[in-house]
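This report is meant for a reader who is meeting the structure for the first time.

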Amino acid sequence: MPRIVIENLRNLSIYSEDTDRKVIEIIHENGTDWMHACGKKGRCTTCKMIVVRGMENLSPETERELVYRSQNRLRSNERLSCQSQVLKDELIIRVADVNKLPHIDYTK
């Protein structure tokens, strides 16, 4: 069963048997807020996640992610949580500083 760990949210662990769901959907369904401005459509980068480990466990990059990467709006260790699926094993991520929500107490 795939697991998402959000490091700077006190190593919050989220398990999901459903590999057809986007990372952001799994996070939201777990009751955790995650920024997104375009309605999870891949039209912005506000939902980006920093991938600490497990990039190989994600679905391939989408066309939208490749566009943002070519514009230097996504670094090599970043993916859009609205475009990515965890296919297997474990994904360890962090919320980027620019995408932190003001009402959440993040850890280092």
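Two strands are said to pair if DSSP finds at least two bridges between them. With that in mind, and remembering that this is a predicted model, one can turn to strand β5, which spans residues 90-95 and pairs with β1 in the parallel sense over four bridges. Within this pairing, Val 5 has Ile 92 as its bridge partner in β5. Strand β5 also pairs with strand β3 (residues 48-53), here in the antiparallel sense and again over four bridges, and in this second pairing the bridge partner of Met 49 is Val 95.

**A loop residue**

Asn 8 is found in the loop that runs between β1 (3-6) and β2 (12-15). Is Asn 8 buried or exposed? Its relative accessibility is 1%, and because buried means under 20% relative accessible area, Asn 8 counts as buried. A polar atom of the Asn 8 side chain lies 3.0 Å from the backbone oxygen of Val 95, the residue that is also the bridge partner of Met 49. When neighbours within four places in sequence are left aside, the residues in contact with Asn 8 are Arg 94, Val 95, Lys 100, Tyr 106, Thr 107 and Lys 108.

**Salt bridges**

Side chains of opposite charge can pair when their charged atoms come close.

| Residue | Partner | N to O distance |
|---|---|---|
| Arg 69 | Glu 61 | 2.4 Å |
| Arg 79 | Glu 65 | 2.7 Å |
| Lys 100 | Asp 97 | 3.0 Å |

The salt bridge between Arg 79 and Glu 65, with its closest N and O atoms 2.7 Å apart, links distant parts of the chain, since Arg 79 belongs to strand β4 (residues 78-80) and Glu 65 to helix α2 (residues 63-70), 14 residues apart. Both Arg 79 and Glu 65 are buried. In the salt bridge with Arg 69, Glu 61 has a relative accessibility of 32% and therefore counts as partly exposed.

Lys 100, one of the residues in contact with Asn 8, is partly exposed, with a relative accessible area of 27%. Its salt-bridge partner, Asp 97, has a relative accessibility of 63% and so counts as exposed. Elsewhere, Arg 21, Glu 25 and Glu 29 are linked in a network of salt bridges.

Terms used. Residues are numbered from 1 along each chain as its sequence is written. This is a predicted model: local features need pLDDT of at least 70, side-chain atom pairs count only at pLDDT 80 or more; totals for chains, interfaces and linings use all residues. Side-chain values use heavy atoms; hydrogens and water are left out. Helices (H or I, at least four residues) and strands (E, at least two) are DSSP runs, numbered from the N terminus. Buried means under 20% relative accessible area, exposed over 50%, partly exposed in between (1.4 Å probe, protein chains only). A polar contact is a pair of N or O atoms within 3.5 Å; within protein, one must be able to donate a hydrogen and the other to accept it, and residues adjacent in sequence count only if both atoms are side-chain atoms. Contact means heavy atoms within 4.5 Å. A salt bridge is a side-chain nitrogen of Lys or Arg within 4 Å of a carboxyl oxygen of Asp or Glu.
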